[in-house]
Amino acid sequence: MPDKSPVVIDLKFDRESVVAGLKNAFPGREIIDMALPENAGRDLSGSAYAVVWKPDPALFSRMPDLKVIFSGGAGVDHILTAYELPDVPIVRFVDRSLTDRMSEWVVLQCLMHLRRSLAYARQQKNHEWRELDPQPEACDVTVGVMGLGVLGQDAVRKLRVMGFEVVGWSRSMKSIEGVETFDEAGLDAFLARTDILVGLLPLTEETRGIYNTSLFAKLRQGGALEKPVFLNAGRGGSQVEADIVSALASGILGAVSLDVFEKEPLASESPLWAFENVIITPHAAASSDVRALFRHAERQMTRLEGGEALQHVVDRVAGY
Ligand SMILES: NC(=O)c1ccc[n+]([C@@H]2O[C@H](COP(=O)([O-])OP(=O)(O)OC[C@H]3O[C@@H](n4cnc5c(N)ncnc54)[C@H](OP(=O)(O)O)[C@@H]3O)[C@@H](O)[C@H]2O)c1
């Protein structure tokens, strides 16, 4: 095998951004872009790397010399659940651009609900000039972040800058300055403190369906926003949408922002579209920047070829 192994690309992303991203990517390496018809039946032996998002199911079995799989996104449930995988490391995408985008989404949604943007937008539509009371400050509101990984920890920091009280929950205990943290066993205590719940968990067997009626019922009622607000930008499989709808209808939840859904795209007949207090974004909170993805993959290939350890390797047992 040459020093610099070829890299196989199978990314079901917007095609234009992949083509633009591939220009000048992976210097000194052959790029085998599986979207090109001439590569359909090609012999892929000798290629050590695959950069993928929802790849062809047969891809990995066609790569006998595969050494590393690079996920095109931060989440790896798309690979772990749907494929028979060779025993090679899976590296997930971690990059400032993605992290910044996610924190922008989280802070924006928290501020939208804090500052009653949906109600003001309705008033504007009706040409209605009316100040809404009361007007709580960020420091009156506690945001509870579920998932204190790369994305959760950055969001926590930026929420703190905006003045929110922040608490956090993760599988193992974390220590974050200025933030009260809880581990798995502390879930109920964490929920009882939370006015705005932010879901930034990966989808695993443990987190599937975790955002359900019983969890919503444990959130703090009667806080500065009166009713709890739920945000999810982790994975849709972690939420029970029928429970979100009934929690909104019964008033257990006051408002919701969702970027991810059990089934995407969200069906046009979903009752979620019709709620005035629901914000829907189409899995757009933190899209992967393709150029940044290729730079990240190249950095990791260089590390491996230079005898260093790969970073951001997925723990297959934990599922993230
Ligand atoms: N909507 C979008 O556009 C978008 C974009 C990118 C990513 N995402 C989603 O965001 C997720 C999080 O990304 P990340 O980079 O922050 O992941 P990460 O660094 O792997 O962090 C995951 C966090 O979740 C916690 N966790 C996992 N399973 C848990 C469980 N059963 N109970 C309690 N905590 C648990 C982990 O706990 P420990 O710290 O104890 O391990 C960790 O704090 C991704 O998996 C992906 O699904 C969505």
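Where is the place of H283? H283 sits in the loop between β12 and α9 (290–305), where helices (H or I, at least four residues) and strands (E, at least two) are DSSP runs numbered from the N terminus. The model is a predicted one, so to speak of a local feature takes a pLDDT of at least 70, side-chain atom pairs count only at pLDDT 80 or more, and totals for chains, interfaces and linings use all residues. Residues are numbered from 1 along each chain, as its sequence is written.

H283 has a phi near 45 degrees, a positive value in a residue other than glycine. Because H283 has 16 C-beta neighbours inside 10 Å, it counts as partly exposed. The scale behind that word goes like this: a residue is buried if 20 or more other C-beta atoms (placed from the backbone) lie within 10 Å of its own, exposed if 12 or fewer, and partly exposed in between.

K54 also has a positive phi, near 50 degrees, and is likewise not a glycine. K54 lies in the loop between β3 (49–53) and β4 (68–71), and with 15 C-beta neighbours inside 10 Å it counts as partly exposed. Then there is H78, found in helix α2 (residues 77–80). H78 and K54 are 24 residues apart along the chain, yet their C-alpha atoms are separated by 6.4 Å. Leaving aside neighbours within four places in sequence, H78 is in contact (C-beta atoms, placed from the backbone, within 7 Å) with W53 and K54. H78 counts as partly exposed because it has 18 C-beta neighbours inside 10 Å.

One joins D133 and P134, with omega about -10 degrees, and P134 is in the loop between α4 (117–125) and β6. Another runs from E264 to P265, with omega near -5 degrees; P265 belongs to the loop between β11 (255–258) and β12 (278–280).

Now for the strands. In β9 (residues 196–199), I196 and V198 point one way while L197 and G199 point the other way, and all are buried. In a regular strand the side chains alternate between the two faces of the sheet. Strand β9 runs parallel to β6 (residues 142–146), joined by four bridges, and strands count as paired if DSSP finds at least two bridges between them. V143 stands opposite I196 in this pairing. Four bridges also join β9 to the parallel strand β10 (residues 229–232), where L231 is the bridge partner of V198.

On a bigger scale, the domain assignment (automatic or from a database) gives domain 1 (7–93 + 288–305) and domain 2 (98–280). The contact between them takes six residues from domain 1 and five residues from domain 2. Taken over C-alpha atoms, the domain centres are 33 Å apart.

And the ligand? Both domains give residues to the shell around the ligand, so it lies between them. Of the 31 residues around the ligand, G75, G149, L151, R171 and P202 come nearest. The elements giving two or more residues to this shell are α3 (96–114) and α5 (150–161), and α5 gives the most, with three residues.

How values were computed
A residue is near a molecule or strand if its C-beta atom, placed from the backbone, lies within 6 Å of it. Two residues are in contact if their C-beta atoms, placed from the backbone, lie within 7 Å.
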